[in-house]
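The sequence and the structure are shown here for reference.

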Amino acid sequence: MLPKNARLTASADFARTTKSGTRVTSENFVGYLYISPVANQETSKCGLIINKSVGGSVIRHRLARKLRHAVVPQITKLPSGSLLVIRALAKNNPESVGAEVEKLVNKLLERANRSMAK
């Protein structure tokens, strides 16, 4: 379970991350990573976007639980103060959520580091 201080809850933070952050698409998910330009000591935060097009309530909540469980070990890899949003794509029911989330976060970090080096 994600700790309370690692949850992304403000709609402004979701908008900032999805509009200004680095974006990577995988087979079942789209990941957004926003690294704050101001150095701060806040913990990294993560939020999920799971639309109704993914499935019914039970399916969406099951996927959300799997995603939250898979994101917990990945939070430590993120720079402090960064924001991560994972959007589930429609009608995909991934079996290996943990492995796909790990690849997604690694790609996001790689792409963000490349864009910062420019």
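A residue is called buried when its relative accessible area is under 20%, exposed when that area is over 50%, and partly exposed in between. The model discussed here is predicted.

**Salt bridges**

By the rule that a side-chain nitrogen of Lys or Arg must lie within 4 Å of a carboxyl oxygen of Asp or Glu, the count comes to 3 salt bridges. Side chains of opposite charge can pair when their charged atoms come close.

| Residue | Partner | Closest N and O atoms |
|---|---|---|
| Asp13 | Arg16 | 2.9 Å |
| Lys77 | Glu102 | 3.8 Å |
| Glu110 | Arg114 | 3.9 Å |

Asp13 and Arg16 belong to helix α1 (residues 11-20), where they are 3 residues apart and thus separated by about one helical turn. Asp13 is buried, with a relative accessible area of 18%, whereas Arg16, with a relative accessible area of 35%, is partly exposed.

Glu110 and Arg114 are 4 residues apart in helix α3 and are likewise separated by about one helical turn; Glu110 is exposed, and so is Arg114. An α-helix has 3.6 residues a turn, so residues three or four places apart point the same way.

For the remaining pair, the salt bridge between Lys77 and Glu102, Lys77 lies in the loop between α2 (57-75) and β4 (83-88) and Glu102 in helix α3, so the pair ties together parts that are 25 residues apart in sequence. Lys77 counts as partly exposed at 35% relative accessibility, and Glu102 counts as partly exposed at 36%.

Which side chain of opposite charge is nearest to Glu100? Glu100, which is found in helix α3 (residues 97-117), is buried yet has no salt bridge, and the nearest side chain of opposite charge, that of Lys103, is 7.8 Å away. The side chain of Glu100 does reach the backbone nitrogen of Glu27, at 3.4 Å. When its neighbours within four places in sequence are left aside, Glu100 is in contact with Ser26, Glu27, Asn28, Phe29 and Pro94.

**Helix α1 and its cover**

In α1, the residues Asp13, Phe14 and Thr17 are buried. Seen down the axis of α1, its buried residues fall within an arc of 100 degrees, so they line one face of the helix. The face of α1 turned away from this buried side carries the exposed residues Ser11, Lys19 and Ser20. What covers the buried residues of α1 includes the strands β2 (29-34), β3 (45-49) and β4.

Strand β2 is mostly covered, with 6 of its 6 residues buried. Phe29, Gly31 and Leu33 point one way from β2, while Val30, Tyr32 and Tyr34 point the other way, and all are buried. In a regular strand the side chains alternate between the two faces of the sheet.

Strand β1 (residues 22-25) runs antiparallel to β2 and is joined to it by 4 bridges, and the two strands form a hairpin with 3 residues between them. Within this pairing, Val24 stands opposite Gly31 in β2. The strands β2 and β4 also pair in the antiparallel sense, over 6 bridges, with Val30 standing opposite Arg87 in β4.

Key:
Residues numbered from 1 in each chain as written. Predicted model: local features only at pLDDT ≥ 70, side-chain atom pairs only at ≥ 80, totals over all residues. Heavy atoms only, no water. Buried < 20%, exposed > 50% of the residue type's maximum accessible area, 1.4 Å probe, protein only. Lys, Arg positive; Asp, Glu negative; His and termini not counted. Polar contact = N/O pair within 3.5 Å; in protein donor to acceptor, adjacent residues only side chain to side chain. Contact = heavy atoms within 4.5 Å. Arc of directions from axis to C-beta. Pairing = 2+ DSSP bridges.
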